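Hi everyone, thanks for making time. I'd like to walk you through one structure today, and we'll start with charged side chains before moving on to the greasy parts.

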Amino acid sequence: FDSFYGRFKGVKKWKEDTLAFARKNKYVETITGRKRYLDNISSNDRSLSAQAERQAINTVIQGSAADLMKLAMLKMASRITDWRKEGTGNGETGIPPRLILQIHDELLFELVANQADVDKLKETVTRCCTEECVDELQLKVPLKLKCSVGTSWGSMQEILDM
């Protein structure tokens, strides 16, 4: 743990600040302002207060990750809706991709096996996730993005790592 906190110096202070806020206010917030109330954070029962402390930290981290994924999916849905309106060019089919599945921090799309459409989807995902979401949530760090493509889930090969 010491090497982790030594490498990421702000994490320990962030945890302390988050727990102090939770103890004072009896709730924590995700990056978009969703609240989780933690009535047991000040309990005299140490196991209940420890559980609430873990929930406080976990809610901010995982809840914020869920908020980010929801925002990315909404932005992608908007771009996919505009897909046909934009017309075709550069060999694109004009057939929009379909969002098939979300698995934690991954989105799985299905689209025509056409390089121009793959390139358009890659550019769209990159813009939505690494620019628009970062700007809207006012993130201070860049989002890391990996894109893979294949004719089946098992044959996916990475085409972008940024």
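First, a term we need: a salt bridge is a side-chain nitrogen of Lys or Arg within 4 Å of a carboxyl oxygen of Asp or Glu. Keep in mind that what you're looking at is a predicted model. Searching the whole structure turns up 12 salt bridges.

Let's take a few of them. Arginine 34 and aspartate 67 meet through their side chains, at 2.7 Å from N to O. Arginine 34 sits in the loop between β1 and β2, while aspartate 67 is in helix α3, so this pair ties together parts 33 residues apart in sequence. And the two ends, are they buried or exposed? Well, buried means under 20% relative accessible area. Aspartate 67 has 9% relative accessibility, so it counts as buried. Arginine 34 has 43%, so that one counts as partly exposed.

Next one: glutamate 132 and arginine 79 form a salt bridge at 2.5 Å, N to O. Here glutamate 132 is in helix α4 and arginine 79 in helix α3, 53 residues apart. Both glutamate 132 and arginine 79 are buried.

Then there's aspartate 161 with lysine 144, where the closest N and O atoms are 3.2 Å apart. Aspartate 161 lies in strand β6 and lysine 144 in the loop between α4 and β5, so again the pair ties together separate parts, 17 residues apart in sequence. Lysine 144, at 64% relative accessibility, counts as exposed. One more thing on charges: salt bridges with shared partners join Lys75, Arg79, Glu123, Arg127, Glu132 and Glu136 into one network.

Okay, now the greasy parts. The largest nonpolar core has 16 residues, and the ones touching the most other members are Met76, Phe109, Leu121, Val125 and Leu145. Which elements give two or more residues to this core? Those are α3 and α4, and α4 gives the most, with six residues. If you zoom in on methionine 76, you'll find it touching Phe109, Leu121, Thr124, Val125 and Cys128, leaving out residues up to four places away in sequence. There's also a second, separate core of nine residues, including Leu19, Ala22, Ala56 and Ile57.

Last stop, the hairpin. Strands β3 and β4 pair in the antiparallel sense over five bridges. Leucine 101, for instance, has leucine 108 in β4 as its bridge partner. Two residues lie between the strands, and in this hairpin histidine 104 takes a positive phi near 55 degrees.

Methods: Residues are numbered from 1 along each chain as its sequence is written. This is a predicted model: local features need pLDDT of at least 70, side-chain atom pairs count only at pLDDT 80 or more; totals for chains, interfaces and linings use all residues. Side-chain values use heavy atoms; hydrogens and water are left out. A nonpolar core is a set of buried Ala, Val, Leu, Ile, Met, Phe, Trp, Tyr and Cys residues joined through side-chain atoms within 4.5 Å. Buried means under 20% relative accessible area, exposed over 50%, partly exposed in between (1.4 Å probe, protein chains only). Helices (H or I, at least four residues) and strands (E, at least two) are DSSP runs, numbered from the N terminus. Contact means heavy atoms within 4.5 Å. Two strands pair if DSSP finds at least two bridges between them.
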